[in-house]
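Biologist: Please take a close look at one part of this model for me. I would like the aromatic residues and their surroundings, then whatever connects to that picture.

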Amino acid sequence: ERERERETMAPKARTITERWIRDRVDISVEQLGEVKSLYLPGTHEEKIERLGVSLLAFTRLIHLDLSCNVIITLDGLQHLKRLERLNLYLNAIPSLEELFYLRFNNRLLEVDVRLNPVTTAFPEYRLFLIHLLPRLQRLDDAIVAEPERASALLQFSSTDDFVSQNALTPQSRRPVQPTRASARRPAPSKTEFTLSGSRRKARVAFLKAPDGGDDD
């Protein structure tokens with residue numbers, strides 16, 4: 001009976017859809033292309049496991065907060081060419097193979113992947129991301145230093161070869177429940193994403209006015 005109670009209390013992990021996002025932040029289909037910032041942190045009742053094609057219409061997205069979910073794959077972010085800030089704090093990303101999806105988001109300036117299994121399973125993850133994302137300025141709330149860029153260049157002469165040699169097997173890519181670990185989360189800095197209150201409610205921010213044209 002106690003086991004049933006635990007299962008009932010556990011947050012529901014889901015593959016989200018565009019409609020789920022629209023319902024959660026209360027926006028219309030016509031507004032999706034004007035969204036600049038999207039905050040979808042997990043809650044006690046519900047957490048995101050997969051993105052699917054839910055973000056396809058968010059073509060002008062710059063800031064995306066997916067913290068405190070149970071995301072196991074970054075498939076679904078590839079088309080967000082304008083993305084500059086990505087918060088994946090406290091999720092279930094298991095491997096460098098999943099981080100490799102971010103190669104399509106080459107405008108990324110800030111990324112947070114703290115408290116994901118990949119950060120302990122692959123200690124070289126930081127240099128991997130620095131090499132993968134040439135414009136990256138801040139990773140896990142720490143500035144990317146020039147010596148790190150040099151080390152990343154030396155260690156990862158070919159990210160494609162490295163991923164193919166070190167990718168996790170399909171059997172080992174089961175969903176992994178994140179843990180909060182013993183360390184407390186550092187106090188947010190002005191560069192971190194802002195969550196709306198202790199309940200981490202979903203919210204959205206729009207462009208002040210649509211751009212005159214689409215720049216790549």
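Modeller: Start with a charge over a ring. The charged end of R103 sits over the ring of F100, 4.1 Å from the ring centre. Keep in mind that this is a predicted model. Its mean pLDDT is 81, and 71% of the residues reach 70 or more.

Now F100 itself. Is F100 buried or exposed? F100 has a relative accessible area of 9%, under the 20% cut-off, so F100 counts as buried. The structure holds 2 aromatic pairs. One of them joins F100 to F128: the ring centres are 6.3 Å apart and the planes stand at 50°, so the pair is tilted. F100 lies in the loop between α3 (96–99) and β6 (110–112), while F128 lies in helix α5 (residues 125–132). The two parts are 28 residues apart in sequence, so the pair ties them together.

F128 is buried too, at 0% relative accessibility. F128 also pairs with F156: here the ring centres are 5.6 Å apart and the planes stand at 80°, so the geometry is edge-to-face. This pair links distant parts of the chain, with F128 in helix α5 and F156 in the loop between α6 (146–155) and α7 (159–166), 28 residues apart. F156 is buried, with a relative accessible area of 1%. Put together, F100, F128 and F156 form one aromatic cluster.

Look next at the helix that carries F128. How many of the 8 residues of α5 are buried? The count is 7, so α5 is largely enclosed by the rest of the structure. The buried residues are Y125, R126, L127, F128, L129, I130 and L132.

A second ring carries a charge. The charged end of R203 sits over the ring of Y39, 4.1 Å from the ring centre. Y39 is opposite R203 in β9. Strand β2 (residues 35–39) and strand β9 (residues 203–206) pair in the antiparallel sense over 4 bridges. Y39 also stands opposite D65 in β4. Strand β2 runs parallel to strand β4 (residues 63–65), and 3 bridges join them. Strand β2 is mostly covered, with 4 of its 5 residues buried.

Step back to the sheet. Which order do the strands follow? The order is β8-β7-β6-β5-β4-β2-β9, in an open sheet of 7 strands with mixed pairing. Its edge strands are β8 (142–143) and β9, each pairing on one side only.

Charged pairs come next. Side chains of opposite charge can pair when their charged atoms come close. A search of the whole structure finds 8 salt bridges. One of them joins E46 to R14, with the closest N and O atoms 2.4 Å apart. E46 lies in strand β3 (residues 46–50) and R14 in strand β1 (residues 12–15), so the pair ties together parts that are 32 residues apart in sequence. R14 is partly exposed, at 21% relative accessibility.

Another salt bridge joins E110 to R85, with the closest N and O atoms 3.6 Å apart. This pair also links distant parts of the chain: E110 in strand β6 and R85 in strand β5, 25 residues apart. E110 is buried, with a relative accessible area of 12%, whereas R85 is partly exposed, with 30%. D141 and R138 meet in a salt bridge as well, at 3.5 Å from N to O. D141 is partly exposed, at 23% relative accessibility. R138 is buried, with a relative accessible area of 19%.

Two backbone positions deserve a check. D26 has a phi near 60°, a positive value in a residue other than glycine. D26 sits in the loop between α2 (18–25) and β2. D26 is exposed, at 69% relative accessibility. C68 also has a positive phi of about 60°, although C68 is not a glycine. C68 sits in the loop between β4 and β5 (85–87). At 2% relative accessibility, C68 counts as buried.

Finally, a caution on confidence. Over residues 168–199, pLDDT stays under 50. For that stretch, the model has 54 contacts beyond four places in sequence.

Note on methods. Residues are numbered from 1 along each chain as its sequence is written. Side-chain values use heavy atoms; hydrogens and water are left out. Buried means under 20% relative accessible area, exposed over 50%, partly exposed in between (1.4 Å probe, protein chains only). Two strands pair if DSSP finds at least two bridges between them. pLDDT is the predictor's confidence in each residue, from 0 to 100. Contact means heavy atoms within 4.5 Å. Rings of Phe, Tyr and Trp (its six-membered ring) pair if their centres lie within 6.5 Å; planes under 30 degrees apart count as stacked, over 60 as edge-to-face and the rest as tilted. A charge sits over a ring if NZ of Lys or CZ of Arg is within 6 Å of the ring centre and within 35 degrees of the ring normal. A salt bridge is a side-chain nitrogen of Lys or Arg within 4 Å of a carboxyl oxygen of Asp or Glu.
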